[in-house]
Amino acid sequence: MPFRPRKPSPKPKPKPSPSPSPNKRRTSWSDLWMKSPKSLNQVFFTMQLPSLPKGPKSPTIPSNRSNIDHTLVLSDEILLRILSMLPDTQSLSNSLVCKRWFSLQGRLVRFLNIHDWGFIESGRLMERFPNLTHVDLRRSCATYSLNSAITLHHGDFSMHLNSGFSPIFRILEENMLPVDVIDRGLKLLAGGCPNLCRLVVIGASRFGLMNVAEECLFLQELELHSCSDSALRGIAGFRNLQILKLVGCVEGLYSELVSDIGLTVLAQGCKRLVRLELSGCEGSFDGIKAIGQCCPMLEELTLCDHRMDGGWLAGLSYCENLKTLRLQSCRAIDSNPGPDEYLGSCSALESLHLQKCQLRDKRSMRAIFLVCSMVKEIVIQHCWGLEDEIFCLAIFCRRVRFLSLEGCSLLTTQGLQSVILSWKELERLRVISCKSIKVSEISHNIVTLFSLLKDLKWRPDRRSLLDANLAGSGMGRKGGRFFKRT
């Protein structure tokens with residue numbers, strides 16, 4: 001049988017790959033990274049590795065990659081923006097993360113109260129907080145001991161004193177730093193923090209203030225304690241100053257003189273003032289007149305424990321744009337206001353505030369109500385001597401829309417009624433802790449007026465407060481609902 005070779009079997013044809021579904025998306029690099037976290041970590045790790053120097057002694061790469069700071073890939077600007085969005089309660093913990101975060105967190109600080117003057121003289125303050133805008137130096141302007149058991153409190157200011165006994169009865173003045181030391185610190189502060197907007201300092205001279213005025217062109221608010229006429233000569237350089245508080249004399253702490261000379265220098269140098277507060281300052285008609293004529297933008301004037309000479313009230317008529325007048329802790333309003341025709345009136349005045357003042361002088365109260373005859377708001381808090389006869393002088397103010405009385409124990413219901421019934425534009429009334437005003441003495445006309453008011457807060461004494469809280473509860477009716485006979 002002849003030999004026949006076999007034919008080679010045909011190779012199997014490869015099966016065609018299934019066509020990709022039109023709805024199925026191709027796998028991208030981001031999908032691979034997300035599925036494999038190790039790959040993503042490797043990318044971050046590679047981005048942070050420094051270039052290795054060539055040579056036999058190249059540094060070894062640490063095997064523990066968990067200690068690597070991944071924020072190094074972020075610029076300072078981006079990290080600052082992130083840190084600024086965190087709450088202020090985390091600022092301390094953020095600054096302890098590393099040296100870089102410590103420096104960046106210091107650049108975010110804007111407000112600071114300095115307790116140690118050496119922090120300024122060493123230059124660490126400006127290096128640590130270069131972007132400060134609000135600085136309070138009151139506690140650092142005097143020498144004190146943290147171990148001292150004597151603490152001085154004055155308003156919102158408190159500090160420890162080395163000694164509480166003063167032969168001249170000026171405790172803080174004896175513990176103050178020398179003037180040249182304060183001026184030198186102000187020069188360093190102004191040179192390192194040119195963006196200052198608010199500054200509080202005690203015992204500065206005109207040379208220190210002139211240095212601040214030259215460097216801090218954007219300073220808008222200044223508070224000077226233990227200020228004198230000579231120091232005010234350096235304040236004329238603050239061209240953009242809008243808010244100013246001067247404290248000349250505080251009994252038991254320090255005693256400086258601010259007179260008409262200083263007020264005139266102030267008025268001619270700071271013509272953009274909007275708010276001015278004079279505490280423990282002397283002066284007269286001339287000083288107030290100069291402020292009114294040279295500061296046309298002045299809207300708010302506060303006098304605290306003033307020592308003004310008689311007749312100063314007449315100078316208020318020159319403050320053409322004055323809207324708010326505050327008198328606080330004043331022993332007298334004006335000892336000699338003069339005739340009514342010389343007083344004038346503040347046509348733009350809207351609000352009059354009297355707080356903790358002596359209001360026993362009928363003549364001075366008549367003068368202030370005449371000057372403030374255009375006010376729409378009167379607030380009297382814890383003032384002494386406000387009797388019915390004196391409060392009736394407020395009838396000159398016929399445009400009052402809001403009246404607030406608090407702690408006026410001598411004012412009676414009859415005195416209150418005689419005034420508020422004459423005010424046709426009254427809309428809001430607030431009476432608190434005026435024990436001589438009785439609910440039982442209110443007339444029918446007052447009840448009708450109360451029903452027309454937009455806002456009424458009536459708490460003249462404790463009993464009225466109790467009646468208001470228990471209205472409709474049935475209590476206070478001699479038993480009745482809660483106490484029944486058995």
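Predicted model: local features only at pLDDT ≥ 70, side-chain atom pairs only at ≥ 80, totals over all residues.

Modeller: A contact here means heavy atoms within 4.5 Å. Leaving aside residues up to four places away in sequence, Ile368 touches Leu313, Leu327, Ile333, Leu352 and Leu354.

Ile368 belongs to the largest nonpolar core, which holds 109 residues. Six members touch the most other members: Leu137, Ile235, Leu316, Ile368, Ile380 and Leu403. Helix 13, residues 362–371, gives the most to this core. The contribution of helix 13 is six residues. In soluble globular proteins, nonpolar side chains tend to be buried together. A second core is separate and has five residues. Leu79, Leu80, Trp101 and Leu104 are among them.

Now the rings. Phe129 has 10% relative accessibility, so Phe129 counts as buried.

Another pair joins Phe285 and Tyr318. Their ring centres are 6.0 Å apart and their planes stand at 70°, so this pair is edge-to-face too. The cut-off behind that label is an angle over 60 degrees. Phe285 and Tyr318 are 33 residues apart and link distant parts of the chain. Phe285 lies in helix 12, residues 285–294. Tyr318 lies in the loop between strand 13 (307–308) and strand 14 (324–328). Phe285 has a relative accessible area of 25%, so Phe285 is partly exposed. Tyr318 has 30%, so Tyr318 is partly exposed as well.

One ring has a charged partner. Arg428 lies over the face of Phe402, 4.1 Å from the ring centre.

Last, the confidence. The chain averages a pLDDT of 80, and 73% of the residues score at least 70. Residues 43–63 stay under 50. For residues 43–63 the model has 16 contacts beyond four places in sequence. Residues 473–486 are also below 50 in pLDDT.

Note on methods. Residues numbered from 1 in each chain as written. Heavy atoms only, no water. pLDDT = per-residue confidence, 0-100. Buried < 20%, exposed > 50% of the residue type's maximum accessible area, 1.4 Å probe, protein only. Phe/Tyr/Trp six-rings, centres within 6.5 Å; stacked < 30°, edge-to-face > 60°. Helix = DSSP H or I, 4+ residues; strand = E, 2+ residues; numbered from the N terminus. Lys NZ or Arg CZ within 6 Å of the ring centre and 35° of its normal. Core = buried A, V, L, I, M, F, W, Y, C linked by side-chain atoms within 4.5 Å.
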